[in-house]
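Me: I have a structure open and want to learn how to read it. Can we go through it feature by feature?

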Amino acid sequence: MVKRLGKILHRLVNGNGGGGNRAHSDLKLRFREFKYLLRANNEVLAIIAEIEQQLAEGGQVGLDFLRSRYIAASAKVYKMIRHLNYISAGRYPLLEGAFHRIRADIDQILEEGGGSRSGVLVLPLEDLEPGEAHLAGSKASNLAELSRAGLPVPEGFVVTTEAFRRFMEFSGLGGQLRQAVMILEGSSLGEVEDFSRLLQQKILDAPLPPELEKELSEAGRRLAQLGARGLISLRSSAVGEDTQSSFAGLYRSLLGVPPAQAASAYRAVVAALYAPEAVVYRRRRGLLDQDAEMAVLVQAMVEPKASGVMYTTDPLGGGKGPLLISAVRGLGQGLVEGSVDPDLYRLERRHPPLLLDYAPGGQGESLGLAAQGLSRNSLDAAGREEPPLSEGQALELARLGLELEERFACPQDVEWALTGHGRLVILQSRPLQVLAARCGEAAAPEVEPLLVGGHTARPGAGAGPAFVVSPDAELKDFPDGGVLVARSSSPALAAALPRAAALVTDVGGVAGHLASLAREMGVPALVGIGEATKLITNGQVITVDAGAKRVYPGQVAELTGPEPSTALCRPRPAPAPYWHQAAGLINKLNLTDPHSPRFVPARCATFHDIIRYVHEMSFKEMFRLGDEVGRDPGGGALRLEAVLPFELWFIDLGDGLAPGVGTALKPEQIVSIPGAALIKGLMDPAVDWNRPRPVSLKGLASVFSASLLTPPKDGQVRDMGQRAYAIVSAEYLNFNCRVGYHFTALDSFCGNQQNDNYISFRFHGGAATEDRRQLRAELIQRLLTDMGFSVERTGDQVSAFIKKYPAELMLGLLEELGRLILFTRQMDMLMSGRPMVDWLAQAYAAKNYNLADGEEEGEPQ
Amino acid sequence: MSSFKVLVVDDERDFLESLVRRLQRRSVDAAGVTSGEAALEHLEREKADVVVLDVKMPGMNGIEALRQIKQCHPEVEVILLTGHASVESGVEGLALEAFDYLIKPVKLDELIERIMEAFDRRKVVGELTGSPPPDQS
């Protein structure tokens with residue numbers, strides 16, 4: 001009640017009716033829409049980065065992953081269009097058409113994405129094609145590749161992720177899972193365990209869709225005829241399993257299953273997807289539970305004489321150690337579970353391999369098959385004495401291992417078996433995590449790095465002559481194979497990227513446009529390193545190790561030359577499935593240059609294009625909004641009590657001014673972060689604007705009145721009685737000043753979200769002749785460029801922009817702009833010639849704001 | 001308790017109860033109903049500032065409920081929260097002036113942040129239309 005009374009009083013004191021308040025509320029609402037727009041922009045960029053990262057890692061995600069990210073992104077892109085149209089009162093009607101066009105294209109690809117595989121529940125291993133890991137999971141897809149290459153692999157089929165999706169939908173478990181993840185947020189490990197047990201039980205009890213039940217049991221029965229003792233095995237083949245995230249041992253394999261139990265075994269393997277350790281593992285790796293997709297590999301059971309695991313190189317040997325084979329008699333389950341001490345063979349990695357040594361283990365019993373499952377048999381002395389593999393078999397196995405390593409271009413962790421007929425078969429092959437030497441990176445070179453830090457936008461190393469982007473440098477001069485060094489991560493640099501050996505920037509994060517482009521084009525990129533443009537000189541040869549976040553002087557051969565560990569560790573990219581094109585329609589950025597005539601809604605071909613366009617236009621609209629308010633401010637404005645050459649009125653959009661401000665506003669009551677910084681600059685006592693300046697006679701003759709150049713005689717502090725307006729919120733400032741004959745506008749967002757921070761500044765006009773106004777504009781252009789803005793000037797108009805700096809840097813710039821506004825005020829009168837531009841720029845740089853010394857002798861004439 | 005009222009609408013009773021309880025534990029004045037019809041009745045009896053609305057529900061679905069809420073109570077902000085997201089329902093909901101379209105699971109902190117924002121917007125819209133939220137201070 002007291003609050004409301006206060007509002008009425010406020011209205012009365014300010015002498016404006018409801019109309020003024022309406023305008024204020026309308027402004028507040030538009031500003032909020034602007035904030036929502038900025039946030040949605042960041043959210044879409046985060047989704048884009050996530051998609052790019054997942055696709056770059058290759059085969060880790062299923063069609064469902066892309067589908068879910070597409071749905072999330074589409075809502076946010078659509079929302080951004082709505083926000084922009086709200087702010088601008090519907091000035092962008094064409095955007096919605098562009099959105100629906102792109103959407104239709106993506107829908108079509110996703111629909112065709114399944115292609116001939118749409119609705120396929122069960123697929124024979126030999127029918128699997130390259131690039132179908134999203135359908136069959138990584139394990140089955142690796143085995144299918146071996147089978148295609150003629151390597152010995154047991155017969156089998158895969159129950160696809162499509163079948164999994166049907167199962168989850170049919171049983172209603174999918175929706176329950178999404179809810180559950182929300183309920184489980186922040187819960188203790190115990191609660192997670194309780195819940196995952198409950199969920200697993202639900203899966204074990206859930207009916208399979210009838211068509212799946214039928215196909216699975218038929219295919220299982222057929223396959224069992226090929227299996228030892230008429231049995232089959234079922235193994236997890238989750239999407240993303242056995243890749244960089246190995247999930248080793250977290251999911252289930254069931255051996256010796258009678259075909260009649262195929263359905264319940266299938267449910268058991270699927271249920272293991274939600275075993276507590278799997279849930280916890282995924283959480284730690286940042287893999288979301290709702291993205292987990294499980295295919296199941298069903299194979300004819302092998303009754304092995306011996307089986308085991310082969311590492312094609314010692315995992316602790318930095319890629320240089322020998323090949324290792326662990327072997328047990330019978331089935332290998334105990335070996336992988338760590339309950340048996342296996343026999344060990346070490347072999348030299350060469351063609352043909354050479355047995356270095358053999359060490360018997362301590363196996364006391366072996367695991368074999370029985371009619372309805374598994375049986376344990378204790379080993380007698382003779383059985384214990386006979387090695388599981390003969391020397392010839394070990395050599396043959398090692399040869400297969402090296403072939404696998406070559407095929408997958410990466411050291412392998414192989415599960416193998418030796419059949420009763422003495423035939424070797426491969427049960428599974430997955431990338432081996434080799435420690436001690438990091439993947440794709442050599443050990444740090446002995447050279448002292450020039451720079452350390454920043455964020456890896458795209459790993460890898462590159463060397464070449466540095467090309468430091470400056471206002472004078474033209475991108476077309478960028479040398480092939482050069483290293484692009486820039487202050488900010490501006491998409492304007494995109495044109496040079498395909499020719500760059502590497503990219504380094506002072507400012508910027510991994511979710512930025514340029515970082516995205518670097519990933520897309522495969523350019524090693526290190527962003528936000530701080531002072532690269534200061535410490536690196538143009539033309540200097542440097543080496544960038546983006547993965548290790550280091551920049552070295554000169555060419556560091558160990559990093560850039562061919563290195564075996566790279567070849568060993570980098571998995572060969574799988575062929576991209578057709579539906580990856582849909583990702584391109586979300587992620588690619590074509591609209592990189594806001595000044596191009598092609599920067600229009602009709603040219604938006606991707607979601608990324610749309611948000612880039614909307615983001616750019618939102619700045620324009622906020623500018624326009626400030627300008628409108630400057631012309632007709634309506635109610636709610638408070639005058640700042642400060643001695644300035646113009647009246648400065650504040651409009652608060654929310655938390656920009658201290659609570660309880662009356663009708664008079666004191667500078668310290670401005671709590672808006674950017675607003676306070678600008679005021680600090682405007683009120684800097686070092687700039688004594690209220691003091692006559694030297695005026696060249698020619699300049700004086702060309703203006704209307706000499707009184708502009710000296711303080712008003714009546715002591716009143718104003719320029720032709722004009723007002724300036726500052727619209728503020730906690731993190732926002734729009735400053736608008738039409739004083740005398742010139743116009744200054746400034747729009748800035750400055751807060752904790754570095755990605756949102758920007759300052760946009762415009763200046764034009766003046767009272768002197770055109771050539772003098774232009775010279776002043778040149779001076780302002782010079783000063784802003786020195787401050788790090790990207791600046792454009794046409795005649796007497798200057799516009800400058802800077803973004804994505806940390807808040808403290810932004811605040812320094814805003815304060816500087818306050819001083820600059822006062823320093824350049826009426827300066828057009830002084831602009832007798834171009835040398836004056838240099839002279840004044842030097843004076844400003846020397847903080848001689850008042851042109852105190854050497855006015856006569858210093859002024860060129 | 002918060003100075004604003006939140007109504008959660010979701011047909012899954014377990015989920016609804018858990019969410020309402022967790023919101024209350026975080027001092028949000030929250031109530032829950034299990035259908036779109038019940039939500040409209042609730043809004044007639046008792047005001048709410050922000051509605052958190054499930055999309056896929058038996059009977060009146062979330063989109064239809066949104067349409068009717070916006071018709072009868074245009075000042076109420078609606079956040080759609082769905083476990084069965086689709087591009088169509090997102091566009092449809094946002095075109096009907098839903099404040100946001102969120103996909104389950106959403107972190108509680110994030111949901112509360114969105115609710116606060118929606119309430120902040122609701123206050124400003126109230127200033128504009130002359131229907132401020134009921135003053136509870």
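Me: Which residues touch the most other members in the largest nonpolar core?
Reply: A nonpolar core is a set of buried Ala, Val, Leu, Ile, Met, Phe, Trp, Tyr and Cys residues joined through side-chain atoms within 4.5 Å. Here the largest one has 86 residues, and Phe34(A), Ile106(A), Phe607(A), Ile610(A), Val51(B), Leu53(B) and Leu80(B) touch the most other members. Helix 3 (residues 63-87) of chain A gives the most, 14 residues. Domain 1 (2-114 + 584-622) and domain 5 (636-858) of chain A both contribute, so the core lies between them. Those domain bounds come from an automatic or database domain assignment.

Me: How should I treat the model and its numbering?
Reply: This is a predicted model: local features need pLDDT of at least 70, side-chain atom pairs count only at pLDDT 80 or more, and totals for chains, interfaces and linings use all residues. Residues are numbered from 1 along each chain as its sequence is written, chains are lettered from A and ligands numbered from 1 in the order in which they are written, and side-chain values use heavy atoms, leaving out hydrogens and water.

Me: What does Ile106(A) touch?
Reply: Contact means heavy atoms within 4.5 Å. Leaving aside residues up to four places away in sequence, Ile106(A) touches Tyr70(A), Ala582(A), Leu585(A), Ile586(A) and Phe607(A).

Me: In what order do the 5 strands of the open sheet in chain A run?
Reply: Strands of a sheet pair through backbone hydrogen bonds, either parallel or antiparallel. Strands (E, at least two residues) and helices (H or I, at least four) are DSSP runs, numbered from the N terminus. Two strands pair if DSSP finds at least two bridges between them. In this sheet of chain A the order is 1-2-5-3-4, with antiparallel pairing. Strand 1 (122-124) and strand 4 (253-257) of chain A are the edges, each pairing on one side only.

Me: Over how many bridges do strand 2 and strand 5 of chain A pair?
Reply: Strand 2 (residues 156-159) and strand 5 (residues 294-300) of chain A pair over 4 bridges. Val158(A) stands opposite Leu297(A) in strand 5 of chain A.

Me: Is Asp684(A) buried or exposed?
Reply: Buried means under 20% relative accessible area, exposed over 50%, partly exposed in between (1.4 Å probe, protein chains only). Asp684(A) has 16%, so it counts as buried. Its place is in the loop between helix 21 (673-682) and helix 22 (697-701) of chain A.
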